[in-house]
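The entries follow the order in which I looked things up.

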Amino acid sequence: MNILAFGEVMLRYTVNDHKMLEQTDEMTVTTVGTGVNLLSSLAHFGYETSILTVLPDNPIGKKAAADLRKLGISDRKIIYQEHNIGSFFVELGFGPRPQRVTYQDRLSSAFSKSKVEDYDFEKALTGVDIVHICGIALSLTDQTRKAAKKLAQVAQARNKIVCFDFNYRISLNSDIDHETMKKRYQEILPYVDIVFGSKRDLTDLLDYQIDDETELYKKFCVEYQINFFAGSRRSIVDGEKYFEGFLFHHDKIYRSSKHKLNIIDRIGSGDAFASGIICGLLEKWTFEDILEFAVANSVLAQASMNDTPIFTKEDVFGYIDSDGSNDLIR
C-alpha cells in the first residue's frame with residue numbers, strides 16, 4: 001500500500017531542558033506537520049509513503065526535505081517555490097506548567113502561498129492507494145482550501161481511499177466566522193471515506209444537536225457517507241492522565257480500554273492515533289485490536305520527544321503485550 005499525505009510541513013523549535021522560551025539561548029530544530037507525523041509512523045510500520053506539499057526553494061526547504069527522507073517519507077512529489085516555511089516554538093510542560101506552542105506567521109509560508117494550479121493532482125495520485133488530507137489546510141488560505149478540496153475530488157474519482165482529519169484550530173480562525181468554517185468542512189466531507197475527529201467537531205463546528213453519541217455519529221456518517229469515524233479522548237482519574245480511542249462503523253461504536261499516560265511531549269498524539277487506525281484497517285484486524293494498537297502507538301508517542309512517531313509494529317505490540325510494564329529492552 002502506498003499512502004500520500006497533503007499538508008503543511010513546518011519547522012519546530014523546541015526549547016531545551018524544560019526551560020521557558022525567555023530563559024533559553026538554545027533550541028532543537030525538527031521538521032514536523034500533521035502529514036509528516038502520520039507518514040513517519042506509517043513508514044515505520046512498513047508502508048510506502050510520500051507527501052504532496054510546497055517547500056521554499058532554498059536551503060531551508062532542502063533541509064526539510066532531507067529530514068523527511070530520514071523519516072522514510074518520499075520527497076519526490078514536493079514542489080519548491082517561494083522563500084518561507086511555517087514554524088513554531090515549543091516550551092515543554094512540567095508539573096503544573098502546561099506545554100505551550102507559539103506559532104510564527106504561517107500565512108507567509110510557501111505552502112500557504114501555493115495555488116491550486118501549482119499541483120498536478122493526477123500525477124501525484126499515480127500509484128497511490130490512500131490519501132490523507134489535514135483539515136488545517138481549510139484554515140490557512142483560500143488557495144490551500146481549494147487545493148485540499150480539489151485533491152479530495154480527484155482522489156475519490158480515481159477510487160482512492162480518502163482520509164480527512166478535522167484538526168480544527170480556533171487560533172487559526174479568529175477572523176473567520178462560524179458559518180464560513182462550517183461550510184468549508186461541509187464542502188470536503190462528501191469526498192471522504194475515513195474521518196478523524198471528535199464529538200465536539202460535530203456539535204460545535206457542524207452544529208449537530210444530538211446528545212446520544214451513537215445517533216450523533218450515525219447521522220454524520222449517513223449524511224456524508226463516511227465509512228469510518230475515529231477519534232481519541234483524554235481523562236483524569238485520581239489525578240492520573242489516561243488516553244483512549246473510539247471507532248464508529250456501521251451504526252456501532254467500538255471503544256478501546258483506557259491507557260495511563262506518562263507524557264514527555266503530547267504534540268502529534270492525534271497523528272499517532274490516526275496512523276495506528278489506518279494501519280489496522282489496512283491489515284484488516286478486528287476493530288478492538290485496531291483501537292488497542294492505535295492507542296498504544298499514541299501513548300508511546302507521548303512518552304517520547306518530538307511530533308513524529310518512529311515506532312515499529314513490533315514496538316507497539318511489545319508495549320501491548322507487556323501491558324506497559326517493560327522498562328528495559330536488551
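**Ground rules.** I call two strands paired if DSSP finds at least two bridges between them. Strands (E, at least two residues) and helices (H or I, at least four) are DSSP runs, numbered from the N terminus. I am working on a predicted model, in which local features need pLDDT of at least 70, side-chain atom pairs count only at pLDDT 80 or more, and totals for chains, interfaces and linings use all residues. Residues are numbered from 1 along each chain as its sequence is written, and side-chain values use heavy atoms, with hydrogens and water left out.

**Entry 1: strands S11, S12 and S13.** I began with strand S11 (residues 194-196), which pairs with strand S12 (residues 228-237) in the parallel sense over 3 bridges. Here I found Ile194 opposite Phe228 of S12. I then followed S12 to strand S13 (residues 240-249), and that pairing is antiparallel, with 9 bridges. Phe229 has Phe248 in S13 as its bridge partner. How many residues lie between S12 and S13 in their hairpin? I counted 2, and Asp238 in the turn shows a positive phi of about 55 degrees.

**Entry 2: the open sheet.** Next I traced an open sheet of 4 strands, in the order S3-S2-S7-S8, with mixed pairing. Its edge strands are S3 (27-32) and S8, each pairing on one side only. From one strand to the next, the twist averages 25 degrees. For angles I use axes that are lines fitted to C-alpha atoms, for helices over the stretch in contact, with values from 0 to 180 degrees between N-to-C directions. Strand S2 (residues 10-15) runs antiparallel to S3 and is joined to it by 6 bridges. I noted Thr28 in S3 as the bridge partner of Thr14. Helix H2 (residues 59-70) lies across S2 and S3, at about 75 degrees to S3.

**Entry 3: Arg100.** I stayed with S8 (residues 100-103), the strand that holds Arg100. Is Arg100 buried or partly exposed? Arg100 is partly exposed, at a relative accessible area of 43%; my cut-offs are under 20% for buried, over 50% for exposed and partly exposed in between (1.4 Å probe, protein chains only). Beyond its neighbours within four places in sequence, Arg100 is in contact (heavy atoms within 4.5 Å) with Met20, Phe89, Val90 and Glu91. The side chains of Arg100 and Glu91 make a polar contact of 2.7 Å. By polar contact I mean a pair of N or O atoms within 3.5 Å; within protein, one must be able to donate a hydrogen and the other to accept it, and residues adjacent in sequence count only if both atoms are side-chain atoms. I also checked Arg100 against Ile51: they are 49 residues apart in sequence and 27 Å apart in space, C-alpha to C-alpha.

**Entry 4: strand S4.** Why do I call strand S4 (residues 48-52) largely enclosed by the rest of the structure? Because 4 of its 5 residues are buried. Strand S1 (residues 2-6) runs parallel to S4, with 5 bridges joining them. Asn2 stands opposite Glu48 of S4.

Entry 5: Ser275 sits in helix H10 (residues 269-283) and is buried, with a relative accessible area of 0%. Leaving out residues up to four places away in sequence, I listed what Ser275 touches: Leu38, Ser41, Leu42, Phe45 and Asn297. With Asn297 there is a side-chain polar contact of 3.2 Å.

The axes of helix H11 (residues 287-302) and helix H12 (residues 313-322) come within 9 Å and cross at roughly 100 degrees. That makes H11 roughly perpendicular to H12, a label I give to angles of 65 to 115 degrees, with under 35 roughly parallel, over 145 roughly antiparallel and the rest oblique. Among the H11 residues in this contact are Phe293, Asn297 and Leu300, with Val316, Phe317 and Ile320 among those of H12.

**Entry 6: H6, H7 and Asp177.** Helix H6 (residues 142-157) packs against H7 at an angle of about 25 degrees, with the axes 9 Å apart. H6 is therefore roughly parallel to H7. Asp177 lies in the loop between strand S10 (161-165) and helix H7 (178-188). I found Asp177 partly exposed at 45% relative accessible area, and its side chain makes a polar contact of 2.8 Å with that of Thr180.
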